[in-house]
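Here is a short report for a reader new to this structure. Please look at the chain first, then read on.

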Amino acid sequence: MAKYPVTRTTAPKAKPDESSLGFGKVFTDHMFLMDYTLGQGWHDGRIVPYGPFALDPSCMVFHYAQEIFEGMKAYRTADGSVQLFRPYENARRLNNSADRLCIPQIPEEDFVEAVRELVAVDEDWVPHAAGTSLYIRPFIIASDAALGVHASKTYIFCIICSPSGSYYAAGINPVKIYVENDDVRAVRGGTGFTKCGGNYAASIRAGQRAEELGFAQVLWLDGVERKYIEEVGSMNVMFKIDGKVVTPELRGSVLPGITRKSCIELIRSWGIEVEERLLSAEELFDAAETGKLEEAWGTGTAAVVSPIGEMKWNEREVVVNGGQIGPITQRLYDELTGIQWGRIPDERGWIVKV
Ligand code: COI
């Protein structure tokens with residue numbers, strides 16, 4: 001039995017052409033809404049036609065960015081069914097973000113059920129073309145109409161969905177990234193480990209600079225010593241150096257990616273060592289210049305597994321694996337997308353059917 005009431009749209013939209021979806025540009029017919037009121041808790045979960053919010057201009061989210069979000073996907077399998085990938089991990093991470101931003105948590109079951117029921121209502125929007133999926137964006141905003149800096153007493157939890165193709169215009173082709181020396185994305189003790197809008201707002205300037213220079217994204221250094229690699233704009237990052245996979249450890253300033261975690265589990269299951277540790281830009285570029293850097297790739301829900309073909313840091317510019325996707329990157333992409341789209345049996349309990 002469905003948990004949440006549904007009000008169906010009376011004006012369904014035309015579905016987009018699946019061959020040119022891009023990322024996050026079109027939205028489905030419905031959205032999920034739930035309200036929070038201090039003293040009452042989360043209440044009135046419901047699925048309603050997709051549409052704009054009416055919010056007071058003094059609303060806290062507009063001024064102090066008390067906001068968090070998640071990113072996840074629904075996949076169409078060969079038999080036409082629809083499935084989610086590790087949605088309980090998203091529920092847990094949303095609640096960890098909520099805790100840091102003083103936002104009330106949502107019970108994991110309620111979160112996953114809301115996602116499932118919304119995707120079921122908009123099931124026809126889950127695209128069929130190879131490599132496409134329904135990107136799901138749950139988010140919570142502080143809705144008190146007040147300018148005092150304190151935690152809001154009311155919130156809105158909303159989920160919207162967008163049929164999407166590749167995050168990068170280049171698709172699975174290797175991307176070029178640029179090591180940023182000046183701006184920092186996060187510091188320990190801050191909000192780096194959360195998915196809050198503010199982290200991304202702080203990243204836009206460096207992202208623009210990188211794009212102007214012809215790079216797809218920024219590779220962030222740590223905010224204290226500006227020495228250690230942290231993550232790329234919209235993904236975690238991994239390198240194969242001298243036979244081992246190295247990825248920045250989670251020290252509070254790096255996003256605990258669900259694709260990151262899944263890739264680490266897969267790589268270890270193949271008998272390849274993974275080191276989660278500090279990796280300085282110096283060590284990385286030295287490894288590249290001495291032929292020890294075999295592969296580099298990013299991981300993320302939107303970006304999936306994305307090979308990195310070139311990196312620039314100050315005057316040092318390196319090409320990774322001849323600018324081609326490497327064998328571990330390809331194997332990870334194939335295995336992960338195989339499980340997500342149901343081509344490979346899910347032996348780890350990662351899949352939840354809609
Ligand atoms: C995701 O991969 O789901 C993200 O949230 C990254 C994004 C900011 C596009």
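## Basis

This is a predicted model: local features need pLDDT of at least 70, side-chain atom pairs count only at pLDDT 80 or more, and totals for chains, interfaces and linings use all residues. Residues are numbered from 1 along each chain as its sequence is written, and side-chain values use heavy atoms, with hydrogens and water left out.

## The whole chain

The chain holds eight helices and 17 strands. Both are DSSP runs, numbered from the N terminus: helices are H or I with at least four residues, strands are E with at least two. The radius of gyration is 20 Å, close to the 20 Å that the globule rule gives for 354 residues, so the chain is as compact as a globular protein of that length. That radius is taken over C-alpha atoms, and the rule is 2.2 Å times the number of residues to the power 0.38. Along its principal axes, the C-alpha trace spans about 60 × 50 × 35 Å.

Of the 354 residues, 53% count as buried. Buried means under 20% relative accessible area, exposed means over 50%, and partly exposed lies in between (1.4 Å probe, protein chains only). A contact means heavy atoms within 4.5 Å. Among contacts between residues at least 6 apart in sequence, 70% join residues at least 24 apart.

## Surface and charge

The chain exposes about 15100 Å², and carbon and sulfur atoms supply 51% of this area. Accessible areas come from the Shrake-Rupley method with a 1.4 Å probe; for residues, only the protein chains shown count as cover.

There are 37 positive and 48 negative side chains. Lys and Arg count as positive, Asp and Glu as negative; His and the chain ends are not counted. The centres of the two sets lie 1 Å apart. Each charge is placed at NZ of Lys, CZ of Arg, CG of Asp or CD of Glu.

Helix α2 covers residues 87-100, which is 14 residues. From first C-alpha to last it reaches 20 Å, close to the 20 Å expected at 1.5 Å a residue. The expected span is 1.5 Å times one less than the number of residues. Its buried residues include Pro-87, Arg-93 and Leu-94. Just after α2, Cys-102 takes a positive phi of about 60°.

Val-218 lies in strand β9 (residues 217-221). Val-218 is buried, at 3% relative accessible area. Leaving out residues up to four places away in sequence, Val-218 touches several residues, including Tyr-178, Ala-206 and Val-232. Ser-234 is 16 residues from Val-218 in sequence and 9.0 Å away in space, C-alpha to C-alpha.

Thr-329 sits in helix α8. Its relative accessible area is 1%, so Thr-329 is buried. With residues up to four places away left out, Thr-329 touches Glu-295, Ala-296, Trp-297, Val-305 and Pro-307.

## Positive phi in two loops

Most residues other than glycine have a negative phi. Asn-314 has a positive phi of about 50°. Asn-314 is in the loop between β15 (304-313) and β16 (316-319). At 43% relative accessibility, Asn-314 is partly exposed.

Asn-321 has a positive phi near 50°. Its loop runs between β16 and α8 (327-340). Is Asn-321 buried, partly exposed or exposed? Asn-321 is partly exposed, at 32%.
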